[in-house]
Amino acid sequence: QVQLVESGGGLVQAGGSLRLSCAASGSISSLNVMGWYRQAPGKQRELVATITSGGSTNYADSVKGRFFISRDNTKNTVDLQMNGLKPEDTAVYYCNINVIVRQYSVNTYWGKGTLVTVSS
């Protein structure tokens with residue numbers, strides 16, 4: 001029972017920047033991984049970046065050096081700063097959280113998504 005709400009999507013020209021935000025609410029344990037995924041037209045959803053509750057980050061090769069993920073554990077928010085945007089970054093971006101509910105069990109929750117369109 002976790003709800004995720006994304007914001008910050010929009011239309012931007014190539015080379016521009018956007019900052020996405022996600023606010024989580026509900027039953028969130030201290031052990032969790034939050035992240036951003038994206039789904040472009042005709043493609044499957046793919047990982048963009050993740051960040052653990054301890055602050056460890058992971059990025060897709062395609063966004064390394066351009067995108068930066070951060071979180072605020074006290075507010076249960078996660079942001080994605082996107083710089084140097086390219087047309088191939090166009091996609092619906094989804095906020096995600098994986099919550100460890102038991103030692104061997106993980107629950108996954110998704111936001112509804114926010115559209116990022118990068119024009120050339």
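How many disulfides does the count come to? In this predicted model, the count comes to one disulfide.

**Figure 1. The disulfide between cysteine 22 and cysteine 95.** The sulfur atoms of cysteine 22 and cysteine 95 are 2.1 Å apart. The torsion about their S-S bond is about -85 degrees, so the disulfide is left-handed. Cysteine 22 belongs to strand β3 (residues 18–26) and cysteine 95 to strand β9 (residues 91–102), so the pair ties together parts that are 73 residues apart in sequence. Cysteine 22 has a relative accessibility of 2% and therefore counts as buried. Cysteine 95, at 0% relative accessibility, also counts as buried.

**Figure 2. The largest nonpolar core.** This core has 30 residues, and those with the most contacts inside it are Leu4, Trp36, Leu80, Met82 and Tyr93. At least two residues of the core come from each of several strands, among them β1 (2–7), β4 (32–39), β5 (46–52) and β11 (114–119). Strand β9 gives the most to the core, with five residues. In soluble globular proteins, nonpolar side chains tend to be buried together.

**Figure 3. The surroundings of leucine 4.** When neighbours within four places in sequence are left aside, leucine 4 is in contact with residues including Met34, Ile97, Tyr109 and Trp110. Both Cys22 and Cys95 are also in contact with leucine 4.

**Figure 4. Asparagine 76 in a loop.** Asparagine 76 is located in the loop between β7 (67–72) and β8 (77–82). Its phi is near 55 degrees, a positive value in a residue other than glycine. Most residues other than glycine have a negative phi. With 24% relative accessibility, asparagine 76 counts as partly exposed.

Note on methods. Residues numbered from 1 in each chain as written. Predicted model: local features only at pLDDT ≥ 70, side-chain atom pairs only at ≥ 80, totals over all residues. Heavy atoms only, no water. Helix = DSSP H or I, 4+ residues; strand = E, 2+ residues; numbered from the N terminus. Buried < 20%, exposed > 50% of the residue type's maximum accessible area, 1.4 Å probe, protein only. Disulfide = S-S within 2.5 Å. Core = buried A, V, L, I, M, F, W, Y, C linked by side-chain atoms within 4.5 Å. Contact = heavy atoms within 4.5 Å.
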